[in-house]
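Visitor: Hi, could you walk me through this one? I'd like to start with the surface and then go inside.

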Amino acid sequence: MAIVMIQGPGDGQAQATPEALRSALSERAQAAGQALVHYRCSSEQQLVERLARIDRAQADIVLLEPGDAAGPRTALHSTLEHLRVPYIEVHRDRPDRPDPVLPEAGPRLALVSGYEAQGYT
């Protein structure tokens, strides 16, 4: 099984996950007997399509960073309502500049915000 990390569209380099962070997350996943699978989506449509294809046979949990797709009542929100895998919504924002968050939907386990890249750890 796997931990699936999905990043939504964002402002280019500022949204890119640092290689050191991905490596650390991958090591932690392997230590727990899991694989870490990472997807970067360039549009909300691509993000929605990626999430719609995930099921329990592919992933135990999803780490979802919605990026610019966060907002009220979007196509992403509708897709999350039907998601079959639990997810954690992660934002790499700063406490003084919070990102918009998604309305609670589907099997969301937690919302992590305000810790920059440390939100993944």
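Visitor: What does the accessible surface of the protein chain come to?
Guide: This is a predicted model, and the accessible surface of its protein chain is about 6,400 Å². Carbon and sulfur atoms make up 50% of that surface.

Visitor: And how much of the chain counts as buried?
Guide: Of its 121 residues, 41% are buried.

Visitor: OK, on to the fold. In what order do the elements run?
Guide: Starting at the N terminus, you get β-α-β-α-β-α-β-β. That comes to 3 helices and 5 strands.

Visitor: How are the strands arranged in the sheet?
Guide: They form an open sheet of 5 strands in the order S2-S1-S3-S4-S5, and the pairing is parallel. Strand S2 (35-40) and strand S5 (108-112) are the edge strands, each pairing on one side only. On average, neighbouring strands are turned by 15° against each other, direction ignored.

Visitor: Which helix packs on S1 and S2?
Guide: Helix H1 (residues 19-31) packs on the sheet there, touching strand S1 (2-7) and S2. The direction of H1 makes about 145° with that of S2.

Visitor: Then what sits over the ring of tyrosine 39?
Guide: The charged end of arginine 50 does, 3.6 Å from the ring centre.

Note on methods:
Residues are numbered from 1 along each chain as its sequence is written. This is a predicted model: local features need pLDDT of at least 70, side-chain atom pairs count only at pLDDT 80 or more; totals for chains, interfaces and linings use all residues. Side-chain values use heavy atoms; hydrogens and water are left out. A charge sits over a ring if NZ of Lys or CZ of Arg is within 6 Å of the ring centre and within 35 degrees of the ring normal. Two strands pair if DSSP finds at least two bridges between them. Helices (H or I, at least four residues) and strands (E, at least two) are DSSP runs, numbered from the N terminus. Axes are lines fitted to C-alpha atoms, for helices over the stretch in contact, and angles run from 0 to 180 degrees between N-to-C directions. Contact means heavy atoms within 4.5 Å. Buried means under 20% relative accessible area, exposed over 50%, partly exposed in between (1.4 Å probe, protein chains only). Accessible areas come from the Shrake-Rupley method with a 1.4 Å probe; for residues, only the protein chains shown count as cover.
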